[in-house]
Every structure is written in C-alpha cells, then in structure tokens.
Amino acid sequence: MLQWVLKCLFSYDGNFGEFNYSIGGNVSYARNKFIESYKPTFGNSWDYYRNSSEDRWEGRYWGYEVIGQFESFEQINNYAVNNDGEGNKTMLPGDLMYKDINEDGLINGMDERTIGFPRDKNPILNFGFNISAEFKGFDFKADFSGGSMYSYEQGWEMRWPYQNTGNLLKQFYDDRWHREDAFDLNSAWVPGKYPALRFNTGWHNNYNKNSSFWLTNSRYLRLRTMEIGYTLPKSLVAKAGMQKARVYLNTYNLFSLDNLKKLGVEPEVMDQNGLQYPQNTMVNIGVNLSF
C-alpha cells in the first residue's frame, strides 16, 4: 500500500499605511494506492479488469454512464440496444439510456466502468484560505474551507420513488416526465429531469443501476467562520470608565458554494438518503467591554 500525500501552505502579511492585512491558505491531496499482492489469480481478463487491485488507486466507484433519456415510444421501439435486458418493453419516455461500452447490443455488468471518486470518504483534495484586515478600529477576518474529488450517491429516499411504500421527494413529482393528462393515454408527454414515476417498481431499470445520473462528483467552498468588529476610540470609552469597548458580528457556516444544492443536501452530508443532520448556521452579535 502506498499513500500519496501532498500539502502546501502559504501566508503573507502586508500593509498600506494604516491598512493592515493578512492572507493565508492551504491545499492538501491524499490518496491511497494499492501496489501489488502475492501472485494474484483471475479467471479471465474481465475478472482482472473488474476486480483487481494491482497498481490501482483505492476508492473507485463503478457504474453505468447515462447518455440521455428516451423522448418517445418511437425512439424506444427503434432503439438498437437492449437497454433494460427485456427488449426495452419496460421503457417509457424519460427513462435513462445507458452507454453500451462493449457494443454488444445489451446493457449488463460488462458495461460498468469507473464513474466517480470514493463515495463514503473525505475529499481527496482539500483546500482553504483565510483573510484578515484592520483599519482605524475596524477589523475583519474570514476563514474558507473546501473540498473536491469525492462523490455523493443518491440512494434510498433520494433515488427510489415511494421508498418505504409512501415517501416521495417533491422534486421527483414536480420535475418528472409525465402525461399531459394522466387519464388520457393518448395525451402528449411532458419532459422533465426525472423519469416517469412507477409505483412499487423501485427496482426498475432507472433506479436499480448505479449510474452517472444518480452520482454527483462533488466540490464545495464554505465560508466556515467570519467576524466583523469595531473598537471604539479610547478617548470615547475612557469617559465611561472603560479601557476598551468592541462591538462585533460573527458567523459560522454562513454559506457554501457547491454543486449539491440542486439535490437539497449540503456538501458535507455523506448519507445516501440525505437524512444526515446538516451543518448548523449561526450568527452572533456581541460586545466586549474591558474596565
């Protein structure tokens, strides 16, 4: 086993007259690589490709690559690839289309490839930076942290409609492929992001395959802490019998810039069902008095 770890730190202090500032940052990259085992054996080339750990990075995520969604029954009937393993007879407009990697006309395990980073581990790439400044009694400091090269997989309530016989994400209903008139089978199909709903068919082709549709290769930058303050002039506070007076506002986890908001989860949630309690956001206002 070989672990690659790369860290980089930097900081700089400067000023423009009475304006003093400081900038610092850090970047780290950490990943494990399996080197070799003693005389490994494999049944065939596919077994080696799919199951070998020799000279490979750990934490590979396997699944199917989604190349689109069916737009009509005509497209389904004329589609040359057996997308569902049943001659496409279970397909509806809006259903996921998988890439036929080996071009044998059938979607099965042979078409799985690595499509993501480790799903249940910390980001491979972590980074952060901090800034601070002071000017004529005012002070400001902020600390940002972020990560990338990790994946979030939707599962359970975040993937299967009517999970536990009743739960359905609002987004699955609001943004789905559906008939314009639910009571008219000849009405037009209305496009959406998610496939058409099916009750009690959670193991349908749309949901039972790990795929790029349900996987988000994640990245985020979070404002971890921030504080703004003002120290009153000594000549003013001395009149009140004080040595120092400072008012401030500070925050914790005020916001994040990430690509997971579209799913309704925050970037440090790892549970597939999205039910893990998110980071708290706090805002405090205070006064420091010294006598």
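Visitor: How many bridges pair S8 and strand S9, and in which sense do they run?

Guide: Keep in mind that this is a predicted model. Here S8 and strand S9 (residues 138-153) pair over 11 bridges, in the antiparallel sense.

Visitor: What joins S8 to strand S2?

Guide: Strand S2 (residues 19-34) and strand S8 (residues 125-135) are joined by 10 bridges, and these two also run antiparallel. You can follow one residue across. Start at Ser-22, whose bridge partner in S8 is Ser-132. Then carry on from Ser-132, whose bridge partner in S9 is Lys-141.

Visitor: Which residue takes a positive phi in the hairpin of S8 and S9?

Guide: That's Lys-136, with a phi near 45°. The hairpin has two residues between the strands.

Visitor: Okay, on to the rings. How is a pair of aromatic rings described?

Guide: You give the distance of the centres and the angle of the planes. A search of the whole structure turns up 20 aromatic pairs. Take Trp-46 and Tyr-49: their ring centres are 5.7 Å apart and their planes are at 40°, so this pair is tilted.

Visitor: Why are Trp-46 and Tyr-49 separated by about one helical turn?

Guide: Because they are three residues apart in helix H1 (residues 45-51).

Visitor: Is Tyr-98 buried or exposed?

Guide: To read this, recall that buried means under 20% relative accessible area. Tyr-98 has 0%, so it is buried. Tyr-64 has 6%, so Tyr-64 is buried as well.

Visitor: Which residues do ring pairs link into a cluster?

Guide: Look for Tyr-12, Phe-16, Phe-19, Tyr-21 and Phe-135.

Visitor: Last one: where does the charged end of Arg-176 sit?

Guide: Over the ring of Tyr-173, 4.1 Å from its centre. There's also Arg-56, which lies over the face of Tyr-48 at 5.7 Å from the ring centre.

Note on methods: Residues numbered from 1 in each chain as written. Predicted model: local features only at pLDDT ≥ 70, side-chain atom pairs only at ≥ 80, totals over all residues. Heavy atoms only, no water. Pairing = 2+ DSSP bridges. Helix = DSSP H or I, 4+ residues; strand = E, 2+ residues; numbered from the N terminus. Phe/Tyr/Trp six-rings, centres within 6.5 Å; stacked < 30°, edge-to-face > 60°. Buried < 20%, exposed > 50% of the residue type's maximum accessible area, 1.4 Å probe, protein only. Lys NZ or Arg CZ within 6 Å of the ring centre and 35° of its normal.
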